[in-house]
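Let's take a friendly walk through a protein fold. Have a look at the picture first, then read on.

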Amino acid sequence: MATLIETINSGDRIAKLWRSGEVAALGAQERLADLGFYAVVVGERTIVAWLNGHRFELPAV
């Protein structure tokens, strides 16, 4: 089982792929859900997701 830090880092890697255009918004949403994130919203500038009751905002830089 992945640690919380590993899961968050994996989520950040997915967000980076989305920002670079390598993964479509729906693909990023599905991959984050597979990691255990829920209520994933892919906006124009950020991905917002919840994990273990905590809100994470992954910005599009």
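The notes below cover the model, the sheet, the helices and one leucine.

## About the model

This is a predicted model, in which local features need pLDDT of at least 70 and side-chain atom pairs count only at pLDDT 80 or more, while totals for chains, interfaces and linings use all residues. Residues are numbered from 1 along each chain as its sequence is written, and side-chain values use heavy atoms, leaving out hydrogens and water.

## The sheet

Three strands form an open sheet in the order β1-β2-β3, with antiparallel pairing. Because β1 (38-42) and β3 (54-59) stand at the edges with a single partner strand each, one side of each has no neighbour in the sheet. From one strand to the next, the twist averages 10 degrees.

Strands here are DSSP runs of E with at least two residues, helices are runs of H or I with at least four, and both are numbered from the N terminus. Two strands pair if DSSP finds at least two bridges between them; β1 and β2 (residues 46-51) have three. Y38 stands opposite W50 in β2.

## The helices

Helix α1 (residues 4-20) lies across β1, β2 and β3, at about 30 degrees to β3. Helix α2 (residues 25-35) packs on the sheet, touching β1 and β2, and its direction makes about 160 degrees with that of β1. Angles run from 0 to 180 degrees between N-to-C directions, with axes fitted to C-alpha atoms, for helices over the stretch in contact.

## A look at L17

L17 sits in helix α1.

Leaving aside neighbours within four places in sequence, L17 is in contact (heavy atoms within 4.5 Å) with E22, V23 and R31.
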